[in-house]
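Here is a friendly walk through one model, with the cut-offs spelled out along the way. Have the viewer open beside you as you read.

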Amino acid sequence: MNIFEIYLEKILKLIKLANEDNLLELPENLSGVNVDIPPSKFNCDMSTNVGMVLSKANNKPPLEMAEMIANIIKKNDDQIEEIKIEKPGFINLKFKIVFWNNFLKSIINKNNYGSKKVDNPKKFLVEFVSANPTGPLHVGHCRGAILGDVISNLLKFNNHNVTKEYYVNDFGNQILYFTKSVYLRIREILYKEKFPIDDKDLYPGDYLIDIAKNLIDQNKDINFNNFESISNELTRLSVKESLKLIKFNLNNLGISHDNFISEANIVKNKEVDEVVEKLKKNQFVYLGKIKAPEGEENENWVEREQLLFKSTEFGDDKDRALQKSDQSWTYFASDVAYHNTKLKKNFDILINILGADHAGYIKRITSAVEALSGEKNKLICKVGQLVKLIKDGKPFKMSKRKGDYITVEDLINEVGKDATRFIMLNRSNDVELDFDFTKVKEKSKDNPLYYVQYCYARISSVFRNLNKNINDEISIVNFDFNYSEDEVKIFKKISQWPTCVEVATDKLEPHRIPVYLYELSSEFHAYWNMGKDDKTKRFIDQNNEIEDSKIVLLKIISKVIKNGMNILGVDTPDKM
RNA sequence: GCGCCUGUAGCUCAAUUGGAUAGAGCGCUUGGCUACGGACCAGGAGGUUCUGGGUUCAACUCCUAGCAGGCGCACCA
C-alpha cells in the first residue's frame, strides 16, 4: 500500500489513454515520470513531474503541458480537492479527507504496513562480523555487526529469504599465534612459567587466562607438556572457547547468525583445490609476479613467482596471490573457496559487510565472485566506516598493547543494547561516526533513541489510561472522520513509510529508518503539545473517553514506530 | 603513486536513488508546565552544498579536472 506508487500508475494509465485519443504524444520512455512527496510549504499531498517529462515530446512549455494533464487528472479523480500548477511545471494535488480516510482504513489492521509485496522473493546470504576467533568482540566490531543484522531484517521485512552467516577464520598464522598464547597461559598456570608479554606476535589479553583455566578444567586427560603433539586439538578447543565469547557478545547486541562456517573445514574439504581448478579451467589463474606498489618505500620487497588470480580483468589494480611460497593457500584463496560454496548453494545475491579497514579487499573478492558466477553484481559489499569513540568530550583510542580495549560487553553494560544500536544506525554507513558515551547515555532530546521511544510510551500511556490494549485490533466500520490539517500532516508522513522502507532496502541503507522514525515522532510530539491549548487536539476527554478518529491516529503511529523499531532491533517500552 | 569513503549552517548530520525557496539536532536567542507523561513544544538568527568546468526543462545528487581529510595498498587476516 504505497499511495505514491498507486497514483503513479493511475497517471500513467490516464496519459496512455489520452495518447490513444490523440490528445497528447508520449516520449519514448516514461520512466522519468514520478509521483513525489512535495515540500511541506506547498500545502498539498502529492506532486508529479509528468508535465515536464512530456513537454518535449509535445512541443509545449512544461507549464502548459502540466495544465493540460492536470485537467485530465481532475476529471478522473473525484477525491481531489484542489489541483495546482507550480512554477517549473509541477502538478500539485490536494485530496479531500475521504482520500485519507480510505488510506487509513486500508492500513489500520495490517501488520506489515510498509513492506513491499515482491512477486519473486530472493534468496540472500548476508555475511557479517566474521571477526577472527581470537577473543571477544570490541566496539570496533559493533557497527558492522549491527549493520548486517538490520540489513537482514530489512530484507526479511520485505519478504525475502535471508541467511545470516559468520565466516570463522580458524586457520592460518593468526590462529597459530593465538593457540600458542593459550598454550603459554596454560603453562603459566600449571608450571608458573611467565607469559612473554612483550612478544608482539602473541595475544596478551587477560581473557586468555580464563580460556586457559577453562581448558585445564575441562580436559584433565590432556598432557600440556608438548605443544606440537596437542596443537591441533588445542586450536580446536581454543577457537571453541573464543567463539563462545563472541556469541555471548553477539547475544548482548541482540544478534544471532544462522551459520558459522569454518575456514579450516573449507581447506580440509579441498574446497580451495576445487575452486582453483575451476578458475584455472577458465583461464583466470596463472604463474606470475606482483610488482611492489609505487610511492611507498619497500626495501624488503621480494618479487616471487606465484599462483595469481587475474582480478585486474575485473577492474582490480593488481592480480592477487592464491598461494604462498610454501605452497599453502593464502587467506584470499580460501575466501574465494568459501564464496564458491555460497554460490553452490544457489543464493540470488550475496552481501558482505566489512569494516573500513577491509574496504581495499572488496575489488578482489567481487572479482572472484564475478569470475566464478559470470554475474556482475552477484556480490554486494557494504562498508561500515570508522567509529570514533568519544569519552568526556575527548577522542578515546583503544590500544592493543595497553589492553584498554572496550569490549562489547563493557559497552552494553554501560549504555545498553538499544542505545548502541540506534545511535550506530542513525548515520549513513558511509560516514564516520562519532560515538559519544556521555551523549548516548543521556535521556534527552540529544538522544534520538529516547525521543522515538518516548513517542511510543506516550501513546501507550493513552491506551493505559483508557484501559485499552494497544495491541488489540481496531474494529471501526465507519471511516468518515473529519480530520484537521494537523492530523492530515501526520498521515502524510505515515504515507511515506513504504517509500522509506523501499529505498532503505534497495540501497541497503538502514539509516533511513531511524531518520524517518525521528521525523514521525517529531510530528507526533508537536501534535501532542497542541493539546495543551486546543482541547480538540487532546486524545482523552473529560469523561475519560476517546473518539474513534483519535484511536485510529494513535494506532497507526504506534504501529509504524513499532515496525520500524523491530527492523532496527530496538525495543519500544510502554513506560520509560 | 594508486584504490575506496567523506566534504552541506559555528558543531554533528539528513535530503524520497536528478526536482520546487537545501532540512533536523546541538549551540545561540525569545517564549510555553494548575496540562492525556516537560525525556516535550512554538518562534528567531545562522548556507556561494570544498573549487573549476560539463551534461539538461531541472544538479547537494550524474560526468570531468583539481583541493582537503579518513582508511587501505605483500605470502597478515
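## Where domain 1 meets domain 4

Between domain 1 and domain 4 there are 2 salt bridges, a salt bridge being a side-chain nitrogen of Lys or Arg within 4 Å of a carboxyl oxygen of Asp or Glu. Glutamate 485 makes a salt bridge with lysine 94, with 3.3 Å between the closest N and O atoms. On the side of domain 1 that touches domain 4, helix H1 (residues 3-20) supplies the largest share, 3 residues. Helices (H or I, at least four residues) and strands (E, at least two) are DSSP runs, numbered from the N terminus.

The area buried between domain 1 and domain 4 is about 580 Å², and carbon and sulfur atoms give 46% of it. Buried area here is the accessible area (1.4 Å probe) that two parts lose on being put together, summed over both. In domain 1, the residues that lose the most area to domain 4 are Phe4, Ile37 and Asp45, together 51% of what that side buries.

## The model and its domains

This is a predicted model, in which local features need pLDDT of at least 70 and side-chain atom pairs count only at pLDDT 80 or more, while totals for chains, interfaces and linings use all residues. Residues are numbered from 1 along each chain as written, chains are lettered from A and ligands numbered from 1 in written order, and side-chain values use heavy atoms, without hydrogens and water.

Chain A is split into domain 1 (3-95), domain 2 (123-168 + 257-384), domain 3 (173-252) and domain 4 (448-568), with bounds from an automatic or database domain assignment. The C-alpha centres of domain 1 and domain 4 are 31 Å apart.

## Around RNA strand B

Helix H16 (448-465) is one of the elements that give two or more residues to the surface near RNA strand B, and H16 provides the largest share, 8 residues.
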